[in-house]
Structures are given as C-alpha cells and as structure tokens.
Amino acid sequence: MRLIAFALVILSLTTSCAPKEESSETSASPIAAYCSYIASPNTFSSAVTLTGTASYQYRLDGNGVVPDGTNAYVPDALLNGESASMRINATTITYNCVTAAGCPQYVVAPAMVTAINSSGALSTAAVKATGLTGVGVYKTTSGSFTITNLTKMTALNTRPIRRAEVIVKDAEGTIVQCTETDNSGAFTTSIPSSGATYTVQVASRANNSHNTAYVMNNPTANSFYTVSTTVTGAGSPSATLVASATGSLIGGAFNILDQILKSQEYLRAQTTNCSATFGDCSPFTTAPLVKVYWTAGLSPGVYYGISGGISFYLNGDRELYILGGVDGNTETQDMDHFDNSVIVHEYGHFIEDNFGNPNSPGGSHNGNSIIDPRLAWGEGWANFFQAAVTTVPYYRDTYGHVQCSSGSSCSGANFNEFLDPTGGSYNDKPTGGNTGEGNFREFSVTRLLWDVVKTSGTSTFAEIWSAFNGTSLGMKVVNDPFKSIGRFHVIQAAAAGATNWTAIRSTEEHVGTLAEYSTPVVTTGGCSPTTVGMSIYRSLSDDGSFAKSDQYRNNDFYSYYHTGGTLNLGLTWSGAGIADLDLYVYKTDYVFGTASTIVAKNDTETSTTSGSAPITTSLAAGRYMINVMAYTGLYGGVTTAATTYALTINGAAACPSP
C-alpha cells in the first residue's frame, strides 16, 4: 500500500511517498468497542442525574502566530463564550463572542485599519464601531501605524468537545453508563445513587450521525485518549473536564477529532438538497469510520521507515497519521495537532478515498513544480478541501508554539500558501500562455477549485461535489484508471446544471479536456494531421532522468485499451532540432519511470534529428498508458527543440481523441 498524499513539510522541500512496511510489532491490540449504553442507556433501581461539560484547549493556526505579509488576516470563527486577542505594536486588545449563534470569520475591512489611532491602540469600542463581528488585523507597511507582532489567541483558549463518547466507570473499572456530548460539549446521564465514587471520562472518539473518527495513540496499542474526573453518586453530581494543550497535550487529540467533525458538518451543510440544482449530486450524510493515530512528540513516519516530521493518510486503509512532534520535542519542532490546515488536508484524502475513488500514485511533490497530473489532482483537492472547511484561503503549516521556553524565535510558519487565484503572487503558477500546464500543478488545481466556491465565485461546493461523488458520472464511478483534473473538467462540463468554468480555467491555464494527459487514442477513421507536434524544453536542472523530466512539455500520455495478445507500436519522428524520443507502455497503476510498472519500452539513444522507436510485445487485455517521452539527457544547457512524431498501433495510425 502506498503512502498516498501526505502533508507537505515545507514548500521548498520535497517529500516522498514510500511503500508500506510491516510494523516491527508482532500484533496489534483490538480497538475497544464503542459503548453499547449510548444506544440503550443502563437503568438503575435508584439513580441520580449526572451533568457535565467537556472542552479542550487549543492553539489557533498551530502555534498562535501566522505572518500574512500584506494580506488580510482571517481568524477562526468564534463560538459563544470564546474570546480572541491580537497585538498591535505593544497593545493587546480582546474581543469576546457573546452571541448564541457564534461570531463568524471575516476578512478585515479597511474600517478596522482606520480605527487604529496614531499610538497604535485599538479599543474594544473601536472594534465594535466598525460593524465587524469578530476580531482581526490588517498588516500594511504604509500609514502611521505598524503591526509588528501579529498574535491571535496566544493564551490557551478552549472549545467544546463535541459529539464525543462519555464513559462512566465504577471503582473496579467496570463501565456502568455511557452517553455523548452535544454540540456545546454538555452531557447528561444517570448513574447509581449509591454514594460511591465514579470516574467520568470523555473519549477522543465518536461514532454517530455527526462524526465518525477514533483518535488513538498508535496502531499497535489502539488506545484512545480520555480526559477524566471523579464524581459521587449522590445529590446532583456534575463534572467539568478540560483536555490540556500543555503537558500531556491531549487537547491535540480532541482538536483533531473536532476538525473531522467540522469537515463532516461542512459536507452536510453544503450538499443538502444539492440534487435539486445538480442532478447527479448525492448529498453527504456521514463518512465511514476513520482511525487517526497521533502521539505527542512522535512523527508517525517512524512506523514506515520515513525520517523527519510528517503527517499522511494511508489510501485504502482508512488510517490517518498526524504529526505530534519529532523525537519527543513538542516545543520547537513541526507539530500538526493544532495545524487545522494539515489535519483537514489529510482528512480530505480520506474523503477522496471513500467518495471519489482516486488512483493517484503518490510521490514527491513540493508545491511549486510540474508533477504527475493524478498526484496534482489528489493534492490539489486536499489543499482545496481544507480551505473550504476552514473558510481560510491559505494552506498553513507551523512549527513550535508562541509560549515555548526559548521565546518567539522557536515558533513560526513553515509555509503559508495563499490560495486565492486573483491578486498577489503565489507558488505553483503556470507559465503564461501554456494552456494545460495548470493540470500538472497541485496548487493551480487548488486555486481553481477555490475560485469556484469563494464568495464571488462561479458556483458552489455542491457542483464540485456532484462532479466528485456523482453516482452516474462522477469521479467516484467513472471508468478511468488515470484520473486527473482533466477528467474532472470533462465531468463538470457535461453535467446537468453545470455552470461555465471557462474563465477560471483560463486563469489557471487549465485545459478542460483530456488533451494534455491520458488522451484516448483510436485507430479507425484516420488522423488529421497524421503527426503530433512536441515543443521540447530542457532546463538547467534537467539531467535526463525521469525525476527531472518535464511531464507537461516533454511527455505525451495516451490511454489505450488493448484487446489482448500481440501489440505492435510504432514511433517515428523528425524535427529541426536534436530530439531523442523514447516509447514506454505502463500498467494502469504506474509510477512514472518506475521499472516495475513499465510493461514494454524502447529507450534506445538516438542523437539525430529523426529516428524511430518500435515496440513488439504481448500483453493481456486491458487498459495501458502509452508514453512518448523526449529524452534530454544527451544535451547540455538550456535548449528547446521542435519535433513531430507519428504513433501507430498494430500498423494503424493512432489518433488522439481528447
């Protein structure tokens, strides 16, 4: 099993997938059953009512500090009773949310800027005078003030532990009652009025119509986390439980649980009655149970021989692994238990795995390069999904925390990628005029999807979900072993109720067909023209290896169904510049350049302006990927070359039919 689509560590550093290895442990402990008393509460001859509340401490945006350059800072939404703080110069101001409905997010308007007086102070009254419902700041280098220390919620703040399992045990450790917290973290149940002492625990797991996730310590022990207290079975017992964001850090486990709940809440809210507008849209109800493994101070890569800090999702296994630190360090290292971008990104892979039927090969991706379009689609979707759920158009990963013993120098942002496709500069930008290049770039995919759902966007998430999970035409059911954003575009454009995405495709240099990747070929009816042009480009970093080969410019990929038996492929080419073309045939689950996934090839070196690369082989019936690759390892320097080639299959011209 591949480690598919894990969290990026830092944009300037590539990360790699690796084959799943067997655990060094001989066996895993079974996961404790979800308490049966939730569905059918226990009854007692004499009982008292136990009430309680449960909450967890957290740090916003991972560590409390996120530099946004000259962009508006978008704080998290606040729940009733929560407060947010920000620091402008040496002045800290606080805003309290006091509405039952909560205080939503917003991007700070210029009115907030003008409310700051010449001394840099901003009063609560001035905040309210702007008409805004939350708190935020706008960072700029112009004007009479400077925001030098952008900090929100630097102190430990709490949120309710929602929709989670509550367990009551007697002195012998026997479970006597269970219930679940509600959306405010409150719970009520009955316990024996025996006068005995009982332990009340809230568990880091949920399995109900709201949330389906178990957050556990490791895949061997399979133990969930609990925050607990004791009560006496007499009078009116009550329990107040708080999971800490210091010490044991189990507040991190409950934050992970809550981010998965938020993801499911978003999906339900956005897809309710979606079929009324988009005929193939199937409303989301709940997800299969996901197992999440997290341990404070541990990078879960150690389970699979991966060094460094990493979070990832195991495709097909319904297992999420979240980074808790490195080598026991929870002060200055990368940690993801409060990095909501990373958590929801990884859960986005789980959603695709179970509702979008992906076939990404995994692999190296650094957020600023041309990659396999299947991988670009999977990563682009997960980047987008976290932005949609959090409503913040950034992908953020932080390290350390603002209260670490070394001061502010030991915390910050590894990266803070802006995802709005309009205005400003951003990574992974396609080269202007190269239509189709965006199909090969993950953040280009992300920005396009975000452009659909943002406030002034083209459509809604429901339309994306329809093309993603549609039961008739969606990515979930389409018979395509090489899914990319190109296939998604084809599905969206053909769907009932489709909106026009032409403008956003143009912005991100996307092609809305399969012309650039997994192009179907036919061998009947003839081709016009009979040749295909290729504009080859060799960058300074291109050493001729597969890892450095430009999959957009220097490769063409054709999807072909072979009926079985002998397969004769012909490739001939000629051009104005030296170009050596190679021919490869891959299995459906191929990894570009990996020998075990290549079923036939002709990569003979030819240092002339023309040549041929025939292949004769015998293959079982099935679909294959035919790859025409321009090999550039023979040449030095930055060069371009134009060539044309003709491809034949069993003697007939192979005609691209996107």
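This is a predicted model: local features need pLDDT of at least 70, side-chain atom pairs count only at pLDDT 80 or more; totals for chains, interfaces and linings use all residues.
C178 is buried, at 3% relative accessibility.

**The C35–C178 link**

C178 forms a disulfide with C35, and their sulfur atoms lie 1.8 Å apart. A disulfide is a covalent bond between the sulfur atoms of two cysteines. The torsion about this S-S bond is about 85 degrees, so the link of C35 and C178 is right-handed. C35 sits in the loop between β1 (3-4) and β2 (47-58), while C178 sits in strand β7, so the pair ties together parts 143 residues apart in sequence. C35 has 9% relative accessibility and counts as buried, because the cut-off for buried is under 20%.

**Three disulfides**

How many disulfides does a search of the whole structure find? The count is three. Here they are side by side.

| Pair | Sulfur distance | S-S torsion |
|---|---|---|
| C35 and C178 | 1.8 Å | about 85 degrees |
| C274 and C281 | 2.1 Å | -95 degrees |
| C527 and C655 | 1.9 Å | about -105 degrees |

The link of C274 and C281 is left-handed. C274 is buried, with 4% relative accessible area. C281 is buried too, with 5%.

The torsion of C527 and C655 is about -105 degrees, so that disulfide is left-handed. The pair links distant parts of the chain, 128 residues apart. C527 lies in the loop between β19 (519-522) and β20, and C655 lies in strand β30 (residues 655-656). Both C527 and C655 are buried.

Strand β9 (residues 197-203) runs antiparallel to β12, and seven bridges join the two. Y198 stands opposite V231 in β12.

Strand β20 covers residues 532-538 and includes Y537. Is Y537 buried or partly exposed? At 32% relative accessibility, Y537 counts as partly exposed.

Terms used:
Residues are numbered from 1 along each chain as its sequence is written. Side-chain values use heavy atoms; hydrogens and water are left out. Helices (H or I, at least four residues) and strands (E, at least two) are DSSP runs, numbered from the N terminus. Buried means under 20% relative accessible area, exposed over 50%, partly exposed in between (1.4 Å probe, protein chains only). Two strands pair if DSSP finds at least two bridges between them. A disulfide is a pair of cysteine sulfur atoms within 2.5 Å.
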